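Biologist: I have a model open on my screen. Please show me how to read it.

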Amino acid sequence: MKADLLRARNMKRYINQLTVAKKQCEKRIRILGGPAYDQQDEGATDEGEGPQSQKILQFEDILANTFYRDHFRMYMERMDKRALISFWESVEYLKNANKNEIPQLVGEIYQNFFVESKEIAVEKSLYKEIQQCLVGNKGTEVFYKIQGEVYETLKDRYYPSFIVSDLYEKLMIKEEEKHVSQLISNKDEMSPGGETGEEAADGSTSRINEQASFAVNKLRELNEKLEYKRQALNSIQNAPKPDKKIVSKLKDEIILIEKERTDLQLHMARTDWWCENLGMWKASITNGE
């Protein structure tokens, strides 16, 4: 009886997993020159209540999109393999860093992934190259090589199970909600109107949207930077001989970033309040002078 209840409870998830697997097989068959089964089944899937995770994001898109990657990171935490995605992200940050930042970033990557945790397994030859890079005798190419290996591990070992997980399903639900919200927003912007000064209002709304988009991107950037620096500070403080100068510098930078983030969040809250009451503001003139 208990087994039957468990099967019933998990049935929806099993159906979702099988549907995603079926879609992957159909896509592969089509690429190899076989029949387009997915197109033949379109009429049937439109009428039914297909699972939210039916859309399959490519692994490259997941890593390239911060929102998608956040959900993948949560999944890797669940698998107790967060170090893999964290290493990939750290090397991506290293690729785009200024020259004067590289020595510190190399030291942090070395400390975080090859001294403290040692969760990134590498050959002895690569480990020696890392040490040579640490002292400035070699470039950072060794990290890019290891990143490529980590990428393949993530893609081959963890991506297939991620896209049939509940976290992926939640991600797809959020994406669908975002898509619907965007369609409604676009429809409202395109709807005709006859009020005087509507063009000016549209221009004002457009400027507000641009500022809001900038603020959201800036907040995401600050959050990523803050998380990175907190991780770096934590790893350096836990090192056998932490560099006090670096620790002090990181603490100061974290305080500044937290203040900047708080100011930005306050600005965004005020902007939201303004937008919610747009068109309802009234000015009272109490003095004619």
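Predicted model: local features only at pLDDT ≥ 70, side-chain atom pairs only at ≥ 80, totals over all residues.

Modeller: Residues are numbered from 1 along each chain as its sequence is written, and side-chain values use heavy atoms, with hydrogens and water left out.

Biologist: What is the mean pLDDT of the protein?

Modeller: pLDDT is the predictor's confidence in each residue, from 0 to 100. Here the mean is 78, and 75% of residues reach 70 or more. Over residues 42–53 the pLDDT is below 50. That stretch has twelve contacts in the model beyond near neighbours in sequence; contact means heavy atoms within 4.5 Å.

Biologist: How many helices and strands does the protein have?

Modeller: Both are DSSP runs, numbered from the N terminus: helices are H or I with at least four residues, strands are E with at least two. This protein has twelve helices and zero strands.

Biologist: What percentage of the residues count as buried?

Modeller: Buried means under 20% relative accessible area, exposed over 50%, and partly exposed in between (1.4 Å probe, protein chains only). Of the 289 residues, 28% count as buried. As for contacts between residues at least 6 apart in sequence, 67% join residues at least 24 apart.

Biologist: How many disulfides does the structure hold?

Modeller: A disulfide is a covalent bond between the sulfur atoms of two cysteines. The test is a pair of cysteine sulfur atoms within 2.5 Å. This structure holds zero. Cys25 is partly exposed, at 47% relative accessible area. Cys133 is buried, at 7%.

Biologist: Where is Thr140 found?

Modeller: Look in the loop between helix H8 (124–134) and helix H9 (141–162). Thr140 is buried, with a relative accessible area of 12%. Leaving aside neighbours within four places in sequence, Thr140 contacts Leu94, Ile102, Val106 and Cys133.

Biologist: Which side chain does a polar contact of 2.9 Å join to that of Thr140?

Modeller: A polar contact is a pair of N or O atoms within 3.5 Å; within protein, one must be able to donate a hydrogen and the other to accept it, and residues adjacent in sequence count only if both atoms are side-chain atoms. The partner of Thr140 is the side chain of Tyr144.

Biologist: What is the phi of Asp80?

Modeller: Most residues other than glycine have a negative phi. Asp80 has a positive value, near 60 degrees. Asp80 lies in the loop between helix H5 (66–78) and helix H6 (82–95). Asp80 is exposed, at 63% relative accessible area.
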